[in-house]
Amino acid sequence: MEITAAEALVKCLEKEQVEVIFGYPGGAILPVYDAFFHSTIKHVLVRHEQGAVHAADGYARATGRVGVCVATSGPGATNLVTGIANAYMDSVPLVVFTGQVPTSQVGTDSFQEVDITGITMPITKHNYLVKDASQLPRIIKSAFHIASTGRPGPVLIDLPKDVAQTMIKFQYPRTVQLRGYKPNYKGHPNKIVEAARLITRAQRPVIYAGGGILNGGASEELLALAEAINAPVTNTFMGLSSFPGDHPLFLGMLGLHGTRAANLAVTNCDLLIALGARFDDRVTGKLAEFAPQAGVVHVDIDPAEIGKNVQVHVPIVGDVKLVLKELLARVEKRNDTSWLDQIQAWKEQYPLHYDPEGKLKPQYVIEKLNEITGGNAMVATDVGQHQMWVAQYYRFKRPGSLISSGGLGTMGFGLPAAMGAQVGMPEQQVVLVVGDGGFQMTMQELATVVEQELPLKMIIMNNHTLGMVRQLQQLYCDSRYMAVNFKFLPDFEVLAKAYGIKGYTLRTNEEVDKLLPEALAQPGAVLINCIVDADENVNPTVMAGKSISEAIDC
Amino acid sequence: MRHTLAVMVENNPGVLARVAGLFSRRGYNIDSLAVGRTENPEVSRMTIVVEGDQRVLEQVTKQLHKLVDVIKISDVTTERYVDRELVMIKVSATPSQRGEIMQIADIFRARIVDLGAKSITLECTGNDGKINAFEESLRSYGIKELVRTGKIAMLRGIRYTGVQAQESE
Ligand SMILES: Cc1ncc(C[n+]2csc(CCOP(=O)(O)OP(=O)(O)O)c2C)c(N)n1
């Protein structure tokens, strides 16, 4: 029996056990939506395509599954672009479908036509323009495979309307055939032996663990290695939650807004064990002075990351979980504590600090949130100061429980991503922490939150300003505050009411103490508007071009 | 240093754009690029001449490998190889100058592919050095038009960089 390619698409998604699609309809994607009509897969109608792709992204990060989103051609497709780039930078597995004008009109600047495969070439792991309907099942199978294996990433499939309507014989392929795509999982045995030798010999080792630990599901192995060799662990922003935030070996985050202990440890270590991290400029600061005395072991699934920014002594291309298992079998227990004593001294000398007196401080709110949730919530953030305070003050206990835009730093990511995470994890407590600026970028998705009856808790760190940029202007522009202070903001508590959800406005420590637990305990969605001190800065901070060992407070 | 890469790619639409886009957005310089199909109709071969030190070359190779449509990459410069390029040059030539030009053509084993009242068009194949020398020797006559195919290269001897070679590995 023959079915339309659009119907085949839905069958493919069912075969891939897709449980939810985030999307927004339109003309060119009409046949696909008609096929959705007969499917049991849940479709979440967002309010803007950017919301769909960020939600699919948040869903993927929260569940570890491939996120799926759909949009129509032209403006629908271009509205996805930021979200696709975001997923690409953070290695999030997505399969993105876009409608396209009929093949006969492709290339003629027809109504709602854009070359979305051309536009997304540099921001997808791979993409397809489907010309032959019979190839669609093979393409979808490949797309899911490519998105979810190796270093994960987004894959886009552009489907012209006439192709979607073409009748095909449906058969879902069992295997994929991609001779140019063969990720390497098993680390080279000789390199692993060499790494084990370096680790055993090291006097001052530091483990520097990134998002690869979470993508590779290797948190347990990370903990085992750290404890086996008694090495302190620092996380990149993307790696946060891969190591218990309250563990004595934990240094906190490193880099631009990292803890001084983490940055000093890296600067003084003699062996840097980089696991699923990519020596991003926000981590390294001035490259020449990053871990200057250290030998470097670098484990990553993406060979192109190894040796890209720093010279590596022992490169290991492979799945970090498999490699760590091999390493664990070979390393010897280190008992020397002088390095750990030094680390402890730094931790005590340079704790993160702020003054909780006076106006309500954002750090105080995060500390309370941590206390109330016991570090067990799934925390989504937007981008800005509040994001860094979450990174510094929330002590993540569960791997994968931070949902945030790291590589691209996409304002507007927070709310839709939190929504996607909550869709994927309906039983899990999901808390969004968002700035008043970023919230206004995608707050249309409040309607989706309500429509989907999601019990999302949303905390707005309302400082009436684009805090992170204001901080930069203070530091680099002699406090000439240009285009950062909002002269008008909506009353977010009233806004919540407009959407029929409970709203709170908290202004003091006492109000936070009293009402934050109550707000978080509500059964449904809640918007918590925290009026916080605009003068608070993210500290420590490293000035542009400086070494991470020269952090300052501002 | 200059490297000559033989890049075997799936003969899919857009593959040239993927490769070219990668070079431009990562700031690698392509000296020349030649594409054509191979003995296998599903596979095209790109010969890319790229300038850069070992680090750049390593990144270029690794980034190319990340493209799903790229099947295999070989740096032929690291082995014994032959390379060729074809050039067509149109020079001004009055009938009285034709003899001289034909002599030059003879020396370089070039061929005359078109003859006009005031011009002559020559074709020549060879490696970089030969093509450059050929161009130089014609310059004084006034080069009206010049087009080069870009280099193609192949390993010497029985060694080959085909796709079958990869699958048997
Ligand atoms: C889409 C986008 N536009 C601009 C920026 C630049 N930017 C980074 S942080 C920031 C300020 C964020 O302000 P807000 O959302 O209020 O959060 P806060 O820093 O105050 O916590 C801006 C404008 C960005 N990261 N993303």
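A polar contact is a pair of N or O atoms within 3.5 Å; within protein, one must be able to donate a hydrogen and the other to accept it, and residues adjacent in sequence count only if both atoms are side-chain atoms.

**Ground rules.** I'm working on a predicted model, where local features need pLDDT of at least 70, side-chain atom pairs need 80 or more, and totals for chains, interfaces and linings use all residues. Residues count from 1 along each chain as its sequence is written, chains are lettered from A and ligands numbered from 1 in the order written, and side-chain values use heavy atoms, leaving out hydrogens and water.

**Where A meets B.** I looked up polar contacts across the interface of chain A and chain B and got 8 residue pairs, both residues at pLDDT 80 or more.

Next came salt bridges (a side-chain nitrogen of Lys or Arg within 4 Å of a carboxyl oxygen of Asp or Glu). I found 3 across this interface. One of them joins B:Glu10 to A:Arg179, with the closest N and O atoms 2.7 Å apart.

Contact (heavy atoms within 4.5 Å) takes in 19 residues from chain A and 24 from chain B.

Strands here are DSSP runs of E, at least two residues, numbered from the N terminus, and two pair if DSSP finds at least two bridges between them. I saw E2 (residues 30-37) and E3 (residues 43-51) of chain B pair in the antiparallel sense over 7 bridges. A hairpin of 5 residues joins E2(B) to E3(B).

Methods
Helix = DSSP H or I, 4+ residues; strand = E, 2+ residues; numbered from the N terminus.
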